[in-house]
Amino acid sequence: MGGSASKQKRLTWREITSIKKASHQLYDTQRLKELQKVFDELTPDSNVLNEELFQQGLTKAGFTGNQEFLHSLFQAMSQGNPDGLTFKEFCAGLAMFTKGDVDDSLRFSFSLFDLQGNDFITSQEMVSAFKGFSSVLKWQGKTAFAEADIREVVDSIFEEFDTDKTGSLSFDQFAKASLSHTELCMNPSETLQYLQAGLAQQAA
């Protein structure tokens with residue numbers, strides 16, 4: 001880890017001010033320095049965090065979950081930007097999920113279940129996403145979802161809310177389902193905080 005430590009540069013006052021503004025004043029200067037350490041650990045040879053480095057960092061931190069879930073998480077965080085994230089965009093992305101309103105949370109959750117990125121969620125995608133969330137719970141040392149329970153919940157949701165029987169849920173159908181199935185509304189700030197915590201441990 002010594003090589004990456006020497007790479008870390010000191011943020012200038014202008015950079016700190018700009019990042020604070022982009023992240024809605026959510027982070028103080030000390031927190032930005034902590035996040036920068038994590039970011040630098042993930043990007044040893046560049047200043048851009050791409051999906052491959054993001055997944056490698058989580059693996060090193062001990063998270064060995066569903067790859068489709070990690071892909072959806074990165075896509076949601078980067079808003080589909082194929083070039084990856086700069087440190088400023090990284091902070092802004094975390095802040096957006098942390099300070100997002102109800103609609104932001106719903107759309108974030110929907111994007112995690114929409115593994116194919118086609119604006120619809122199939123029952124298999126929902127099962128796979130729940131398995132990914134279960135991996136996060138295991139990583140935290142908490143009780144994970146049993147596979148039988150996952151399938152039972154998913155079958156129940158589709159039976160009730162796939163009203164046109166297409167085998168998939170639109171965003172509106174997903175939003176209605178979330179009112180009675182709160183497990184669909186994965187708290188984005190909690191999810192990312194757990195991932196940040198693991199990455200910070202790796203970078204220490």
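Predicted model: local features only at pLDDT ≥ 70, side-chain atom pairs only at ≥ 80, totals over all residues.
Student: How many aromatic pairs does a search of the whole structure find?

Tutor: The search finds five aromatic pairs. One of them joins F110 and F171.

Student: Why is the pair of F110 and F171 called edge-to-face?

Tutor: Two values settle that. The ring centres of F110 and F171 are 5.5 Å apart, and the cut-off for a pair is 6.5 Å. The planes stand at 80 degrees, and edge-to-face requires over 60. Therefore F110 and F171 form an edge-to-face pair.

Student: Which parts of the chain does that pair link?

Tutor: Distant ones. F110 is in helix α7 and F171 in helix α10, residues 171-180. They are 61 residues apart.

Student: What makes F110 and F174 a pair, and of which kind?

Tutor: Their ring centres lie 5.5 Å apart, within the 6.5 Å limit. Their planes meet at 75 degrees, so this pair is edge-to-face. It also links distant parts of the chain: F110 in helix α7 and F174 in helix α10, 64 residues apart.

Student: How do you know whether F110 is buried or exposed?

Tutor: Its relative accessibility is 7%. Buried means under 20%. So F110 counts as buried.

Student: And F174, buried or exposed?

Tutor: F174 has a relative accessible area of 0%, so it is buried. F171 is buried as well.

Student: Which residues form the aromatic cluster?

Tutor: F110, F113, F130, F171 and F174 form one cluster.

Student: Where is F145, and why is it called partly exposed?

Tutor: F145 sits in the loop between α8 (123-139) and α9. Its relative accessibility is 34%. F145 and S134 are eleven residues apart in sequence and 5.5 Å apart in space, C-alpha to C-alpha.

Student: How many salt bridges does a search of the whole structure find?

Tutor: Two. Side chains of opposite charge can pair when their charged atoms come close.

Student: Why is the contact of K131 and E147 called a salt bridge?

Tutor: The N to O distance between K131 and E147 is 3.3 Å. The criterion is a Lys or Arg nitrogen within 4 Å of a carboxyl oxygen of Asp or Glu. Therefore the contact between K131 and E147 counts as a salt bridge. K131 lies in helix α8 and E147 in helix α9, 16 residues apart, so this bridge links distant parts of the chain.

Student: What makes R151 and E147 a salt bridge?

Tutor: Their closest N and O atoms are 3.4 Å apart, and the limit is 4 Å. So R151 and E147 qualify. Both lie in helix α9, four residues apart, about one turn of the helix.

Student: Which residues are linked in a network of salt bridges?

Tutor: K131, E147 and R151.

Student: How do you know how exposed K131, E147 and R151 are?

Tutor: Take the relative accessible areas. K131 has 30%. E147 has 42%. R151 has 35%.

Student: Which residues form the negative surface patch?

Tutor: D149, E152, D155, E159 and E160 form it. D155 is found in helix α9, residues 147-161.

Student: Why is D155 called exposed?

Tutor: Its relative accessibility is 52%. Exposed means over 50%. Therefore D155 counts as exposed.

Student: What is the phi of D119, and where does D119 lie?

Tutor: D119 has a positive phi of about 70 degrees, although it is not a glycine. Its place is in the loop between α7 (102-113) and β1 (121-122). Relative accessibility is 54%, so D119 counts as exposed.

Student: What is the phi of K165?

Tutor: Near 55 degrees, a positive value in a residue other than glycine. K165 lies in the loop between α9 and β2 (168-169).

Student: How do you know whether K165 is buried or exposed?

Tutor: Set its 54% relative accessibility against the cut-off of over 50%. K165 therefore counts as exposed.

Note on methods:
Residues numbered from 1 in each chain as written. Heavy atoms only, no water. Patch = residues over 30% accessible without salt bridge, like charges linked within 9 Å, V, L, I, M, F, W, Y side chains within 5 Å. Areas by Shrake-Rupley, 256 points an atom, 1.4 Å probe, with all protein chains shown as cover. Salt bridge = Lys/Arg side-chain N within 4 Å of Asp/Glu carboxyl O. Lys, Arg positive; Asp, Glu negative; His and termini not counted. Charge placed at Lys NZ, Arg CZ, Asp CG, Glu CD. Helix = DSSP H or I, 4+ residues; strand = E, 2+ residues; numbered from the N terminus. Buried < 20%, exposed > 50% of the residue type's maximum accessible area, 1.4 Å probe, protein only. Phe/Tyr/Trp six-rings, centres within 6.5 Å; stacked < 30°, edge-to-face > 60°.
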